[in-house]
Amino acid sequence: EASAGREGRIVAGGTNAEGEALAGPATERIPLEGRMVMPGINDMHAHLSQAGTKELFECGFPFTLGVEEIVAKVRECTARVPAGEWLRGGQWAMPLLDGAVKPSRELLDAAAPEHPVFLIDSTVHAAWLNSAALAKLGIDDATANPTGGVIGRDADGRATGILYDNAMYGSIAKLPVYSTEQMMEALAWSVAQFNRVGVTTIRDAMVDRAALAGYVARDRAGRLDANIATSLAWRMLWAGPQEQLEQVIADRASSASANVHVDFGKIMLDGIPPSRTAAVLEPYLPDAAHPADHRGYLTQTPESLKEDLVKLDAMGISVKMHATGDRSARVARFEHCQLQGADFEEASFSVHPGRNVTLTDGAFEACNMAYVSLRKTYLAGLSLRRSRLAHADLGEADLSGCDLRECELHGLVAVN
């Protein structure tokens, strides 16, 4: 019949009489009138700043529109943007690239001859630009593909106006940055959409310096209506130079509060399968736009990833990794990594959240873990198959359900 809350948390539930027994002189009573009360829902992956800025400051349209409808929308939006300024928007659907009428720079040239146009797709892994935008960004037919990205080209090698992954992200970093006031408005709009359906805690999946400033400003003004976990960008061209991203993480404590949680990072390891930019083990099916042995790409080497994760863990950062291909997933799971001499004493590699990167379901297969200290470590259910565990110290470690087949086990210390 009744529930009781204190400092934003439900602390009791029961009969009306039991609820009244907990009430004090300052207790606020809210008649439910048949409505339900429940704890707030958590959303673990959302892009609040991008959603809000698109809704409030850009040329927004649903991904259900066809090419001709998008071109008409862009033409309509030019009336709201001064000539010469960027016309940004989205979200077009990537399958349009396989249609009879494909997105092209020429179509946007005709719709917006006085504006550089930058339209992001619904996956946030590709952008559609016109000729003015390409020129402003210094991209022409001879521009080489950046590491981890692709500049779309036709059969004659001419840039089509489509940019993928790091080619797009590096271009976004050159666009005007939204002000803190604009970001505050954008985040307020996005948070309100979540609140309407009962979501009160949100993991923002990619937070740059501008978005973090917006969250902090709203929070300090007492106007942030959600608990926000910020996945601070790391090695992401979209968010700015790496030196700046490292500084944001180093200074993050000044942004932390009861509503803004800053001990999280975000790494992108590859693209996505629809654009054939996800890193896969077997080649994609052949098409006219890619070589026969095309397997996508990694945005960084496994060696640099390991260095980054060790560094971020030492800084107290839990890492969220984007890895959509099976090859990138293996890299993310540390298969075939070298851990000789490492000290993971009392670390947790379970599915539970913590400072350390989550490593489960075969993450240590074929690893060299000789002489590693894993005392008091939770390893239950992991597959360590074909790994070298010689002389490893697993004293008081939980190995229940581990797969130890084909492992080199001699010299183990105090295995439970």
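How much space lies in the second largest pocket? The answer is about 840 Å³. Of the 27 residues that line this pocket, R153, Y164, D287, A289 and H290 are the closest to its centre. The model is predicted.

**Second largest pocket**

Two strands, β8 (149–153) and β9 (159–165), each supply at least two residues of the lining of the second largest pocket. The largest share, four residues, comes from β8.

**Largest pocket**

The largest pocket has a volume of about 1,300 Å³. Its lining has 36 residues, and S3, A4, G5, I10 and V37 are the closest to the centre. β1 (2–6), β2 (9–14), α1 and β10 (199–207) each give at least two residues to the lining of the largest pocket. β1 provides the largest share of that lining, with five residues.

**Surface patch**

M36, M38 and I41 form a nonpolar patch on the surface. Together they have about 310 Å² of accessible area. M36 sits in the loop between α1 (16–22) and β3 (41–46). Is M36 buried or exposed? M36 counts as exposed because its relative accessibility is 64%, and the cut-off for exposed is over 50%.

Terms used. Residues are numbered from 1 along each chain as its sequence is written. This is a predicted model: local features need pLDDT of at least 70, side-chain atom pairs count only at pLDDT 80 or more; totals for chains, interfaces and linings use all residues. Side-chain values use heavy atoms; hydrogens and water are left out. Patches are made of residues with over 30% relative accessible area and no salt bridge: like charges are joined within 9 Å, nonpolar side chains (Val, Leu, Ile, Met, Phe, Trp, Tyr) within 5 Å. Accessible areas come from the Shrake-Rupley method with a 1.4 Å probe; for residues, only the protein chains shown count as cover. A salt bridge is a side-chain nitrogen of Lys or Arg within 4 Å of a carboxyl oxygen of Asp or Glu. Buried means under 20% relative accessible area, exposed over 50%, partly exposed in between (1.4 Å probe, protein chains only). On a 1 Å grid over the protein atoms alone, a cavity is a set of points where a 1.4 Å probe fits but cannot get out, and a pocket is an open set with protein on both sides within 12 Å along at least five of seven lines; lining residues have an atom within 4 Å of a point. Grid points are joined across faces, edges and corners, and a volume is the space filled by probe spheres set on the points.
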